Amino acid sequence: QVQVVESGGGLVQAGGSLRLSCAASGRTLSSYAMAWFRQAPGKEREFVVAFNWSDGLTTYADAVKGRFTISRDNAKDTVFLQMNSLKPEDTAVYYCAATERFGGILPPRRVAQYAYWGQGTQVTVSS
């Protein structure tokens, strides 16, 4: 199993940027898919982006394509979510998630497909 802890949330004005971090530990990440989800008040948790640690295959939600970028620091076992051109509709609690995955195909995009979750970090984008 793997443990994930998010950080980096905060308040930012529309058009601004923010970088979230997800520190992973517990097991080697070479056989895991890593993902970011978000949940706004009164709404279901929704997919943001995911990638396979093993082969780098990545898939983004349409709502964040061109604005958000996922990256990793292999030495620190840390995943980042760089968020640019933020909009008020990006306001949500952002969660880091992981699941066992050997790669070869795009990582999963559904909440139920991820076994390990962080505690969430709040991102608020003001108008």
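Student: What handedness does the link of C22 and C96 have about the S-S bond?

Tutor: The angle about the S-S bond is -80°, and the link of C22 and C96 is left-handed. This is a predicted model, in which local features require pLDDT of at least 70 and side-chain atom pairs pLDDT 80 or more, while totals for chains, interfaces and linings use all residues. Residues are numbered from 1 along each chain as its sequence is written, and side-chain values use heavy atoms, leaving out hydrogens and water.

Student: How do you know that C22 and C96 are joined by a disulfide?

Tutor: The S to S distance is 2.0 Å, and the rule asks for a pair of cysteine sulfur atoms within 2.5 Å, so the pair qualifies. By this rule the count is one disulfide. The pair links distant parts of the chain, with C22 in strand 3 and C96 in strand 9, 74 residues apart. (Strands are DSSP runs of E, at least two residues, numbered from the N terminus.) Both C22 and C96 are buried.

Student: What makes Y95 and W117 an aromatic pair, and of which kind?

Tutor: Rings of Phe, Tyr and Trp (its six-membered ring) pair if their centres lie within 6.5 Å; planes under 30 degrees apart count as stacked, over 60 as edge-to-face and the rest as tilted. Y95 and W117 are 6.4 Å apart centre to centre, with 80° between the planes, so they form an edge-to-face pair. Y95 lies in strand 9 and W117 in strand 10 (residues 116–117), so the pair ties together parts that are 22 residues apart in sequence.

Student: What kind of aromatic pair do F51 and W53 form?

Tutor: The search of the whole structure finds seven aromatic pairs. One of them is F51 with W53, at 5.5 Å centre to centre and 35° between the planes, so this pair is tilted. F51 and W53 are both buried.

Student: How do you know that the charged end of R45 sits over the ring of W117?

Tutor: The rule requires NZ of Lys or CZ of Arg within 6 Å of the ring centre and within 35 degrees of the ring normal. R45 is 5.0 Å from the centre of the W117 ring. R19 likewise lies over the face of F80, at 4.1 Å from the ring centre.

Student: Which residues of the largest nonpolar core touch the most other members?

Tutor: They are M34, W36, L81, M83 and Y94, out of 38 residues. (A nonpolar core is a set of buried Ala, Val, Leu, Ile, Met, Phe, Trp, Tyr and Cys residues joined through side-chain atoms within 4.5 Å.) Strand 4 gives the most to this core, with six residues.

Conventions:
Buried means under 20% relative accessible area, exposed over 50%, partly exposed in between (1.4 Å probe, protein chains only). Helices (H or I, at least four residues) and strands (E, at least two) are DSSP runs, numbered from the N terminus.
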